[in-house]
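Here is a short briefing on charged and aromatic side-chain contacts. Have the model open beside you as you read.

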Amino acid sequence: MKKITLLFTMLFVLAFTGWGQIIISQYYEGTSFNKWIEITNVGTSTVDLTNPQLFLCAYNNAAADDPANNPPYADYTLTGTLDPGQVLLFKHSSAILPSYAIGINTGIYVCSFNGDDLLIISTDNIGADAWAERIDVIGNGDMWGADKSFYRNANIVSTNVTYTPSEWTQVTITAVDNATSDLSEYLGTHLYSTGSNSNPVITNIGTSPMFPLGTETVN
């Protein structure tokens, strides 16, 4: 009975604060400094990323093997608010591929991960508390993510404190580099199921041609 009560309490807290709808939605570990992490608000309400304060934390080497007893080697403080369906994309300061991607520069540390590291979203960034207070995670200490990209499956609309490979779809780096903006593998876009009673989230709106003349048809 205690376990059931604890689980109910955790789910209530996640729902009440909005933490449970901020997920890591894509991981990209390419050549050289081409490293990207995408997060998305897959909920139905706007979330203040500073109340409580959320952090993007990275673990490498021995810390990735035992994150419960080690601090992250780097963290990035999230700022502002995130609307339903809105995506934030984070990059290594020297990332140049994919050429279309536009991200938030985290410097050289958080997005300097390799294929055997792991990343989390947490409400703490101090010591072992960062792992204890995690709300979402990707990766483990094994060589799971070298030269690969993963995006979160469309049916995943809540966080998970345990890295669960079945929640992710693996695609090649080339597929991401050549993706179009209507696909989940496109960095900066995440498609997810909002349920049959929810309104769709419309993103990436543009015109073609961009600057039409008065006699032209516009798409």
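Is Glu167 buried or exposed? Glu167 counts as buried, because its relative accessibility is 12% and the cut-off for buried is under 20%. Please keep in mind that this is a predicted model. Searching the whole structure turns up 3 salt bridges and 8 aromatic pairs.

**The salt-bridge network**

- Asp136, Arg152 and Glu167 are joined in a network of salt bridges.
- Arg152 meets Glu167 through their side chains, with an N to O distance of 2.8 Å.
- This pair links distant parts of the chain, 15 residues apart: Arg152 belongs to strand S11, while Glu167 sits in the loop between S11 and strand S12 (168-171).
- Arg152 also forms a salt bridge with Asp136, at 2.9 Å from N to O.
- Here too the pair links distant parts of the chain, with Asp136 in strand S10 (residues 134-139) and Arg152 in strand S11 (residues 149-152), 16 residues apart.
- How accessible is Arg152? Its relative accessibility is 0%, so Arg152 counts as buried.
- Asp136 is buried as well.

**The Glu29 and Lys35 salt bridge**

- Glu29 pairs with Lys35 in a salt bridge whose closest N and O atoms are 2.3 Å apart.
- Glu29 has 4% relative accessibility and therefore counts as buried.
- Lys35 is likewise buried, because its relative accessible area is 6%.

**Aromatic contacts**

- A pair of aromatic rings is described by the distance of the centres and the angle of the planes.
- For Tyr27 and Trp144 these values are 4.6 Å centre to centre and 40° between the planes, which makes the pair tilted.
- Which parts of the chain does the pair of Tyr27 and Trp144 tie together? Tyr27 lies in strand S1 (residues 22-29) and Trp144 in the loop between S10 and S11, so the pair connects parts that are 117 residues apart in sequence.
- Tyr27 and Trp144 are both buried.
- Tyr27 and Trp144 also belong to one aromatic cluster, together with Phe113, Phe150 and Tyr163.

**A charge over a ring**

- Where does Arg134 lie relative to Trp131? Arg134 is placed over the face of Trp131, at 4.0 Å from the ring centre.

Key: Residues numbered from 1 in each chain as written. Predicted model: local features only at pLDDT ≥ 70, side-chain atom pairs only at ≥ 80, totals over all residues. Heavy atoms only, no water. Salt bridge = Lys/Arg side-chain N within 4 Å of Asp/Glu carboxyl O. Buried < 20%, exposed > 50% of the residue type's maximum accessible area, 1.4 Å probe, protein only. Helix = DSSP H or I, 4+ residues; strand = E, 2+ residues; numbered from the N terminus. Phe/Tyr/Trp six-rings, centres within 6.5 Å; stacked < 30°, edge-to-face > 60°. Lys NZ or Arg CZ within 6 Å of the ring centre and 35° of its normal.
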